[in-house]
Amino acid sequence: MNHPTPTARSTPETHAPAEATLPPHTPAGLVGDTPVLWIGAPFTAAGRGFWAKLEGHNPGGIKDRSALYMVHVARERGRLRTGARIVESTSGTLGLGLALAGATYGHPVTLVTDPGIEPLMTGLLSAYGAEVDVVTTPHPQGGWQQARRQRVEELLAVHPDAWCPDQYNNPDNVAAYAALAHELVAQLGRIDALVVSVGTGGHSAGIGSVLRGLLPRLRIVGVDATGSTIFGQPAGSRLMRGLGSSIHPRNVAYDLFDEVHWVAAPEAVWAARRLARDHYASGGWSVGAVALVARWLARTLPPENRIVAVFPDGPQRYVGTVFDDAYCRRHGLLGARPADDPDEIADPRERTVTRWTRCTRITDPLAGPGRHDLVGATR
């Protein structure tokens, strides 16, 4: 089954600077060194499986890493003054990280979100001291994300000393995940395929770029949501949060990906629930979508290949959505077992996808003529 023995802790050198300066016995000091879990049968085919990096073991999730790092670097560079307000748009997980960073470094935090945020998440953010500002109307082209970003600009005008991390375009959001990449190498050694969800582009670019430098033959598989514009599909309604986008974040490293998979909400729910039942480990939309793709790779790649899937958070946030039968019935999310294999398209512009679909032609929708094809299936 290709089971290496994971190390209990990674070496101190794997920590990003923002983490290394924090005392170990504090909430921020708990961020990082998350465990890996073997996911095999019955979720996967017998004798096949993949490793899951459980970022839900951070206090708030994977974006604790980027929030602490972005705030630390902004303070070091003088962009975030002592005691100044932090203002950012979030669907939830980065909000938890920024609330942690605000408490750690002494900054008030205002988080702009939308009505799709789970009540549990709103309650947690408020409990952790953040102010939650909910926009009420989506932008006609950019949807809720653009509406949130416009509200952030309004708040920055009201608070001229405030600072916005701009997670979608801030390169420090990418740099924050170098530690995670080194943790994986320390825990697993060789990695043949990396499966990552793509939203702001931060953790996929940060982990992928470091691992590709260490492991040149690494296959990097991006997981997006149906209705997302990131990889060139037209914008559509999206129930899932945490992956996908209705805008085009510049942190997405298109040249890293060997293929992209779009996953629909019912398919992600099926995988998340099966993971919870079969392995007592799961998460929300992103985890379900990533696990579905990693499950397929475990069956179709050579058995000696070592596959790693990054699980951005745990299941607690999703008790009222992914794991709530009434919610899932209202949205038609139950009773739809995914196909054994993804549908295939040759180009993201070929047609609009509505179910799990794979493409090995990676495109940057904002690239100019002659640059639209950034990656083919060449690795």
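User: Hi! Is Tyr280 buried or exposed?
Analyst: Tyr280 counts as exposed, because its relative accessibility is 80% and the cut-off for exposed is over 50%. Do keep in mind that this is a predicted model.

User: Thanks. Where does Tyr280 lie?
Analyst: Tyr280 lies in the loop between α9 (265-279) and α10 (285-300).

User: And what about phi of Tyr280?
Analyst: Phi is positive there, about 50°, although Tyr280 is not a glycine. Asp166 is another non-glycine residue with a positive phi, near 50°.

User: Nice, where do I find Asp166?
Analyst: Look in the loop between α5 and α6 (171-175).

User: You mentioned α5. What span should that helix have, and what does the model give?
Analyst: Helix α5 covers residues 143-158, which is 16 residues. At 1.5 Å a residue the helix should span 22 Å, and its end C-alpha atoms are 23 Å apart, so the two agree.

User: Which residues of α5 are buried?
Analyst: The buried ones are Gly143, Gln145, Ala147, Arg148, Val152, Leu155 and Leu156. As background, an α-helix has 3.6 residues a turn, so residues three or four places apart point the same way.

User: What covers the buried residues of α5?
Analyst: Their cover includes the strands β3 (86-89), β4 (109-113) and β5 (131-134).

User: Switching topic: which peptide bond is cis?
Analyst: The bond from Ala41 to Pro42 is cis, with omega near 10°. Pro42 lies in the loop between β1 (36-39) and β2 (50-54).

User: Where is Ala46 found?
Analyst: Ala46 is also in the loop between β1 and β2. Ala46 is exposed, as its relative accessible area is 71%.

User: How far apart are Ala46 and Leu194?
Analyst: Their C-alpha atoms are 21 Å apart in space, while the two residues are 148 residues apart in sequence.

User: OK, now Thr93. Where is its place, and is it buried or exposed?
Analyst: Thr93 is part of helix α3, residues 93-105. Thr93 counts as buried because its relative accessibility is 12%, and buried means under 20%.

User: What is Thr93 in contact with, leaving aside its neighbours in sequence?
Analyst: Setting aside neighbours within four places in sequence, Thr93 is in contact with Gly60, Gly61, Ile62, Lys63, Asp313 and Arg317.

User: Let's zoom out. How many helices and strands does the chain have?
Analyst: The chain has 11 helices and 13 strands. Its C-alpha atoms fill a box of roughly 55 × 50 × 50 Å along the principal axes.

User: What radius of gyration does the chain have, against that of a compact globule?
Analyst: The chain has 19 Å. A compact globule with 379 residues would have a value near 21 Å, so the chain agrees with that.

User: And how much of the chain is buried?
Analyst: Buried residues make up 58% of the 379 residues. As for contacts with a separation of 6 or more, residues 24 or more positions apart account for 70% of them.

Note on methods: Residues are numbered from 1 along each chain as its sequence is written. This is a predicted model: local features need pLDDT of at least 70, side-chain atom pairs count only at pLDDT 80 or more; totals for chains, interfaces and linings use all residues. Side-chain values use heavy atoms; hydrogens and water are left out. Helices (H or I, at least four residues) and strands (E, at least two) are DSSP runs, numbered from the N terminus. The radius of gyration is taken over C-alpha atoms; the globule rule is 2.2 Å times the number of residues to the power 0.38. Buried means under 20% relative accessible area, exposed over 50%, partly exposed in between (1.4 Å probe, protein chains only). Contact means heavy atoms within 4.5 Å. The expected span of a helix is 1.5 Å times one less than its number of residues.
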